[in-house]
Amino acid sequence: MDVSQYLEIFLDETSEHLQNLNTQILSLEQEPGNMDTINEIFRAAHSLKGMAGTMGYKRMQNLTHDMENVFSEVRNGNITVKASMIDVLFQCLDALEEYTTNIRENADEGTNDNEPLIKQLNDILNGGDGGDGTEAAAEKPAEEAAPASPADNGGGHGDKKWLDIKLGDSERSVLKGAIEEGKKVYGLTVKVQESCILKAARAFLVFKAIEETSEILVSSPSAQDIEDEKFELDFSLIIISGAELDQVIAAAKNVSEIEDVLGGVVDPDASASAEEAAPAKAEETKPAEAEETKPAEAEKPAPAAAPAAGKPAAPAAAAKKADEKKPGANKPVVNRTVRVDIEKLDTLMNLVSELIIAKNSLVSASAASGTSSTAVNEQIEYLESVTTSLHESVMKVRMVPIESTVSKFPRMVRDLQKKLGKKMELYMSGEETELDRTVVDEIGDPLMHLLRNSADHGLESAEVRKERGKPEVGSIFLDAYQDGNNVIIEVRDDGNGIDTEAVRNKAIERGIITPEQAENMSEKDSIDLLFHAGFSTAKVVSDVSGRGVGLDVVKSKIEALSGEVEVKSKLGEGSSWIIRLPLTLAIIQALMVDIGNEKYAISLGSIQTIEDIAPSDVKFVQAKEVIQLRDLVIPLIRLNEILDVESKKDPNDNLVVVVVKKGDKQAGLVVDELIGQQEIVIKSLGKYISKCKIISGATVLGDGEVALILDANTLI
Amino acid sequence: MDTELKTVSETTQFIVIKLGDEQYGIDIKYIDNIVRMQHITRVPKVDAYLKGVINLRGEVIPVMSIRIKMGLEPDVETKSSRIIILKLEQQGTIGVIVDEVKEVVTLENDQIEKMAYDSKDDKNTFLCGIGKCEGGLISLLDLNSVVLENV
């Protein structure tokens, strides 16, 4: 089967499952007894196994299979969760991650069998089983054999096809466990009416109905095949139930277009012994004989008139349960989302951009023609509101919560804790904050660097913390929230803070600054040195941080996303790194200004105020022009000088000053005239013309002319 | 370029343009579009030969002056001035200003005299060969060296 077309989906879903496993195993570590967590882990591991198997990644499948075994034992209460086990599991996840990376890059899982891991997993299994060494090994082939040879419709059981289902060792042990718990094990064969069109849907409803009272252990054909409608008119199940057989059958029969449901009690011991007695060809018939000796209850036909115990929509818990028990049935019950290629969204976004440009053209054309008819204006206003909402909706479609990126951090911090031998805890908030998909994808690495930085450089060792009267366990915070047109992500720690003295000394040592420069450096400038390429204050180069490639990369990455980083630090109390990112990258509200004969756009997001300043109010500080504005001294930047254009304004006229801010810093940009506010579509100038740092892009105006967008951040 | 000229089957088509009195040929496969002169938005703080950007059906495209790049007199905009939009693999889409677009010629490969390898060292040539046809000699532009950024 050609599975290459599913590769993308496989990779996507695998990442999701791995992420999910990471999270769940972390919480399992916190509360080892939580059944919900264990079930969730089991389900994710199972889905992974299924997917890897389908795609033909044998090694991945083997590893997940063994993980699944461990969880199934945990679920059955045969093994208790221990710290050592969690470690092994995390290593497994890393190994799986490696497989996934290999697949992503080479479409091949690589050759690492991860045998030590598999062995460790089996050791866990064996430990839990009281040293029954052979079981773990035997289990694997057994269970794999089960799905491999599904329905055997040719068996000699007539309608009672559930008798054909062969049980693997692990399933049998589950059955035994269930019987010991006082539950009953039934076999069911469900027949769908011949006229039924949506067989898979009916089957699904049957599954759901049964799962209200029972657990489905095995199905034949496999749940996946059933879901894909790869069955004739019937399918068989082995279930574990607390309810009576009649009730279960009635529930199943209650689903419409089900012709008949046959059921009977299954004795795992009997079928096991039968199978062992006749290992090869007689397999299908032997268990049958064993079955025939069973009580007549098996023959009891389901009452035709099903009790009116209607099965309404199963509660969430039941639905969840369904997911856990049905092998491969990992699709959500009601799928309200669609996976869309990001490129398609880009195209859509581009079209919306074009539309906005066209709208702007219409506005200026109507203004130019002078025929300002009310009807036209009304329609233009209407068009304007539609394009704006359209833009907003498309933008929202592209927005994803940062959760997908940050949810891997708790795990990372846990690992760091072990590696660094420090005690720390990560507190996250605002994971639901949404950002443009492209930004979310890119922001992971910088955040990881900052967190590592906090863990490695920021937090002190437990002893030092004790001495300083801080709690032994260091805290790292990751907060995300929206602030106007920006999203702020803050990484904070209650560690040592930044020792600016040490930073300056290091910078002198590295030849980044001279001792004289260091003398006059402000705290802020000193901190900014940290972002200098090739700077690292860690005394020992560890593999956590301190390779000197961290912070400058962080900064350039964030700037590439049109964002900025700010650092606040107090020696002895901790530091915080504030990342400010724009909500969207493609369309912004901007103030259009005239400078000389040229038009420029300034992003409204960075504009603080607009001031009218008399030439006499311009003062000089260190031979630089400044203005005083409400107790603040703000440097003036004459844009016409920076942009090499001639101002067409009389120097005696009042200055139009656009005050922009970047973090705490402000500057006044002197322009000739204000044109007005406009929604603009940002277009890249392209690589070829990227030399000009103060221009962040261009936009097409209503009249078809190109206006450049000034990057206020680089001007300050 | 050289290898490409060799491998292109029998003939190559060139668009003949004029810069001053001289005729130049641009391989047609790199040409995306030819547009009339329009307002070019100047971009500050870039090399002089980069004249700015234009709007080509909603796309912002950089425009350069071959004349300034080649050290000729600056462009004088006339009625016949055109911007040729080139699509290059490395630099993407770029517009170049020419005085005039004359015609399309089809040159047999034996009508093309390739530049000797040594002349490649001379950065100011910007040529990859000379074409001979009825209209006289056409200098074939080596676009990669024309649009190459000044280091």
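User: How many residues of chain A and chain B make up the contact in this predicted model?

Analyst: Happy to count: 21 residues come from chain A and 17 residues from chain B.

User: Which elements of chain B give two or more residues to the side that touches chain A?

Analyst: They are β4 (50-56), β5 (59-65) and β7 (92-98) of chain B. With four residues, β4(B) gives the most to that side.

User: What makes the residues on this side of chain B nonpolar, polar or charged?

Analyst: Residue type decides: Asp, Glu, Lys and Arg count as charged, for example, and Gly is among the polar ones. On that basis, the side of chain B that touches chain A holds nine nonpolar, six polar and two charged residues.

User: Now to chain A. Why are β20 and β21 called edge strands?

Analyst: The open sheet has five strands, in the order β20-β12-β13-β22-β21, with mixed pairing. β20 (673-681) and β21 (695-700) of chain A each pair on one side only, so they are its edge strands.

User: How do you know that β12 and β13 of chain A pair?

Analyst: Pairing needs at least two bridges. Six bridges join β12 (residues 587-595) to β13 (residues 598-603) of chain A, therefore they pair, and they run antiparallel. One of the bridge partners in β13(A) is A:Y600, which faces A:V593 in this pairing.

User: Which helix packs on the sheet, and what does it touch?

Analyst: That is α14 (residues 342-369) of chain A, touching β12, β20 and β21 of chain A. The direction of α14 makes about 145 degrees with that of β20(A).

Technical notes: Residues are numbered from 1 along each chain as its sequence is written. Chains are lettered from A and ligands numbered from 1 in the order in which they are written. This is a predicted model: local features need pLDDT of at least 70, side-chain atom pairs count only at pLDDT 80 or more; totals for chains, interfaces and linings use all residues. Two residues are in contact if their C-beta atoms, placed from the backbone, lie within 7 Å. Axes are lines fitted to C-alpha atoms, for helices over the stretch in contact, and angles run from 0 to 180 degrees between N-to-C directions.
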